[in-house]
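This briefing goes with the structure shown below. Please keep the chain in view while reading the notes.

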Amino acid sequence: MSLLDRVQKQQAPDPNAPPDGAYVPQAGQGARQSLAAATRTRTAFELQAERIKNRLQARLIEDSADDSGDEDREQRAAKITDALTVVIAEMGLSLSKPEKQRLLDSVLNDFLGLGPIESLINDQTITEIMVNGPDQIFVEHKGKLTLSTVQFESEDQLRRVIDRIVSTIGRRIDEGSPMVDARLKDGSRVNVIIPPLALNGPILTIRKFSKDPYKITDLIKFGTITDPMAQFVRACVRSRLNMLVSGGTGSGKTTTLNVLSSFIPEEERVVTVEDAAELQLNQEHVVTLESRPATVEGRGRIAIRDLVVNALRMRPDRIVVGECRGGEALDMLQAMNTGHDGSLTTIHANSPRDSLNRLETLVLMAGAELPSRAIREQISSAINVIVQQSRLRDGSRKIIAVSEVLGLHGDQVKVQDIFVFKQTGVSEDGKVQGYFTATGIIPKYFDHLQSSGEGVGKDIFTPAPDPAGQGGH
């Protein structure tokens, strides 16, 4: 269905519209109850604003044929404002000055921004936005999920916002292609899924990224990592050890990968490969590659694996893969084993040991008919250091282990921890208590760090005393 067809459909009377006095979700109800219930009652202003916006959208679509396509935001805002004035006059409406200003703000947010969630996007204390249909928006604030008071006026308004997000990166979403990964201009990650796959209406999830990329000093300040751990991982990156960032969903893997990538020397050529470009590298010589989904006809799909293979032909000093989740794991391992030292990637796993097991599974997904021992030999020689990230029960994100891969011992890849986070309890207010400590083991790569000019003092590997009863760093 084209956008114009959808607008015309929106303007037709809805036989399924809820009657006056429709069910309104009550505060404190469970999400399942609220979503299963009927749509909340909309105000007269919201209903009128929706009719105006539908009429305005149709007019803007008609006028878009004459656009040059190179207008800036101010020019588009002026054009929308003029069109809105015409539409209000055509509909014979009489609005007060405050009503017209409120309508104009809503229209500009709708047509140039992200509608009612624009304020949530601009709130730097919010890290994730989860839109479960037009009437329910959850946000993650300081690691905790809370129900926002913000709502969309209608499902049509939500669909307009979704259309704008995906169209800016040349992707599409409709009944034939009801799932899409996208990104905002600031690099924030976006996932959208709509009916018929989403039974509760359009679902929009936005994982925000800081406008200014976090530095290692920020992670130390947040309590994600300690200074000795930071010294060690910095030395590992600069001395060209291959590193794997492991963790669960929402644990902060991409943020940590971005910080690790910032340690790559300026003079090196870096090629990044991602599903949706999120990394924010400040080096001068960075090439960013992004995968592409198939077209409506099912052609033209470019997978991460294809890009990794192509990246090898681009004379990279380093390859940074946003996430290994399929057959590209084999190509990444081969790259690490054939002269592309210092490469970085992430993987979903709950522990350093699990990350290697999952890596082995992903290699098998590539269709390579290799015996398990051969795959483990590849893994043990390719991966040097594993950084394990976790999101704890209080919402805090911590690097709970920095481990080194010792190699293949028998049939198993042996891993040993260099630094760990030891949880000692939970406070009365739900805060996780614990402390970071070295395990006392001098890593086998210590001499390599020294010879690479990135030496660290042996004192950073001295275990910390247990501050019994005190919170972590």
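The model is predicted. The protein chain has 473 residues, of which 48% count as buried. Its secondary structure comes to 15 helices and 15 strands. Taking contacts in the chain between residues at least 6 apart in sequence, 57% join residues at least 24 apart.

**Nonpolar cores**

- The largest nonpolar core contains 40 residues.
- Within this core, the residues with the most contacts are F232, M243, L260 and F419.
- Helix α9, residues 227-238, supplies the largest share of this core, with seven residues.
- L260 is in contact with V233, V237, M243, V245, L344 and V387, leaving aside its neighbours within four places in sequence.

**Helices α12 and α13**

- Helix α12 spans residues 328-337 and helix α13 spans residues 352-365.
- The two helices pack with their axes 6 Å apart and at an angle of about 110°.
- Because the range for roughly perpendicular is 65 to 115 degrees, α12 counts as roughly perpendicular to α13.
- On the α12 side the residues are A329, L330 and L333, and they meet L359, L362 and V363 in α13.
- By class, this contact has six nonpolar residues, with no polar and no charged ones.

- Not counting residues up to four places away in sequence, L359 touches L244, A329, L333, I347, I379 and I383.
- One of these partners, I379, is 20 residues away from L359 along the chain, and their C-alpha atoms are separated by 7.8 Å.

**Q157, a buried glutamine**

- Q157 lies in helix α7, which runs over residues 155-167.
- Q157 has 2% relative accessibility and therefore counts as buried, the limit being under 20%.
- The Q157 side chain reaches the backbone nitrogen of E153 at 2.6 Å.
- With neighbours within four places in sequence left aside, Q157 is in contact with E50, K53, S106, D110, P116 and F152.

- E74 lies in helix α4, residues 73-90.
- At 68% relative accessibility, E74 counts as exposed.
- E74 and L112 are 38 residues apart in sequence, and their C-alpha to C-alpha separation is 9.9 Å.
- Y435 is part of strand β15, residues 432-438.
- Y435 has a relative accessible area of 8% and is therefore buried.
- Y435 and T226 are 209 residues apart in sequence, and 9.8 Å apart in space from C-alpha to C-alpha.

**Backbone features in loops**

- P195 and P196 are joined by a cis peptide bond, with omega about 15°.
- P196 sits in the loop between β5 (189-193) and β6 (203-207).
- R240 is a residue other than glycine with a positive phi, near 65°.
- R240 lies in the loop between α9 and β7 (243-247).
- The relative accessibility of R240 is 26%, so this residue counts as partly exposed.
- R315 is not a glycine, yet its phi is positive, at about 55°.
- R315 lies in the loop between α11 (304-311) and β10 (318-321).
- R315 counts as exposed, at 56% relative accessibility, because the limit for exposed is over 50%.

Notes: Residues are numbered from 1 along each chain as its sequence is written. This is a predicted model: local features need pLDDT of at least 70, side-chain atom pairs count only at pLDDT 80 or more; totals for chains, interfaces and linings use all residues. Side-chain values use heavy atoms; hydrogens and water are left out. Helices (H or I, at least four residues) and strands (E, at least two) are DSSP runs, numbered from the N terminus. Buried means under 20% relative accessible area, exposed over 50%, partly exposed in between (1.4 Å probe, protein chains only). A polar contact is a pair of N or O atoms within 3.5 Å; within protein, one must be able to donate a hydrogen and the other to accept it, and residues adjacent in sequence count only if both atoms are side-chain atoms. Contact means heavy atoms within 4.5 Å. Axes are lines fitted to C-alpha atoms, for helices over the stretch in contact, and angles run from 0 to 180 degrees between N-to-C directions. Angles under 35 degrees count as roughly parallel, over 145 as roughly antiparallel, 65 to 115 as roughly perpendicular and the rest as oblique. Ala, Val, Leu, Ile, Met, Phe, Trp, Tyr, Cys and Pro count as nonpolar, Asp, Glu, Lys and Arg as charged, and the others, Gly among them, as polar. A nonpolar core is a set of buried Ala, Val, Leu, Ile, Met, Phe, Trp, Tyr and Cys residues joined through side-chain atoms within 4.5 Å.
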